[in-house]
Amino acid sequence: MSKLDKEEQDILEAFDAAKLQRAPDIEERKARHQKYAEGTFKKDARINIRLSSKDLRGLQKKALEEGIPYQTLVASILHKYVEGRLHEQR
């Protein structure tokens, strides 16, 4: 088993101390992400990409906040971009 980084250790300690709380809009988030998952459910292709460690940690953190696997978050972001629902800010 690998060692936990500081952020993971902090989360584990908060969990053990019963200090974690559900997000107030958990049902709305679950429904929204269920829709995202359904939109990306038919996965028939695989890609490999290289990311900076910082970006990967950021994706994992965002996914943890949303309560979904980070791969699902990445697939959702890509799907939104391809569908024209996600635009780069300039």
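Residues are classed by relative accessible area, with buried meaning under 20%, exposed over 50% and partly exposed in between (1.4 Å probe, protein chains only). The structure is a predicted model, in which local features need pLDDT of at least 70 and side-chain atom pairs count only at pLDDT 80 or more, while totals for chains, interfaces and linings use all residues. Residues are numbered from 1 along each chain as its sequence is written, and side-chain values use heavy atoms, with hydrogens and water left out.

Charged pairs were examined across the model. A salt bridge is defined as a side-chain nitrogen of Lys or Arg within 4 Å of a carboxyl oxygen of Asp or Glu. Side chains of opposite charge can pair when their charged atoms come close. By this criterion, five salt bridges are found in the whole structure.

One of them joins Lys6 and Asp10, with an N to O distance of 3.0 Å. Both residues belong to helix H1 (residues 6-16), where they are four residues apart, about one turn of the helix. Helices (H or I, at least four residues) and strands (E, at least two) are taken as DSSP runs and numbered from the N terminus. An α-helix has 3.6 residues a turn, so residues three or four places apart point the same way. Lys6 is exposed at 63% relative accessibility, whereas Asp10 is partly exposed at 35%.

A salt bridge also links Lys30 to Glu27, and here the closest N and O atoms are 3.7 Å apart. These two residues are separated by about one helical turn, because they lie three residues apart in helix H2 (residues 26-39). Lys30 is partly exposed, with a relative accessibility of 46%, and Glu27 is exposed at 54%. Elsewhere, Glu28, Arg32 and Glu66 are linked in a network of salt bridges.

Arg29, which is placed in helix H2, forms a salt bridge with Asp25 at 3.0 Å, N to O. Asp25 is partly exposed, at 27% relative accessibility. A polar atom of the Arg29 side chain also lies 2.8 Å from the backbone oxygen of Glu65. Such a polar contact is a pair of N or O atoms within 3.5 Å; within protein, one must be able to donate a hydrogen and the other to accept it, and residues adjacent in sequence count only if both atoms are side-chain atoms. When residues up to four places away in sequence are not counted, Arg29 touches Ala23, Glu65 and Glu66, contact meaning heavy atoms within 4.5 Å.

H1 is followed by Ala18, a residue of the loop between H1 and H2. Ala18 has a positive phi of about 55° although it is not a glycine. Most residues other than glycine have a negative phi, and most peptide bonds are trans. Ala18 is exposed, with a relative accessible area of 66%.

Leu4, Ile11, Leu12, Phe15, Leu20 and Leu64 make a nonpolar surface patch of about 550 Å². Patches are made of residues with over 30% relative accessible area and no salt bridge, with like charges joined within 9 Å and nonpolar side chains (Val, Leu, Ile, Met, Phe, Trp, Tyr) within 5 Å. Accessible areas come from the Shrake-Rupley method with a 1.4 Å probe, and for residues only the protein chains shown count as cover. H1 supplies the largest share of the nonpolar patch, three residues. Phe15 lies in H1 and is exposed, at 56% relative accessibility.
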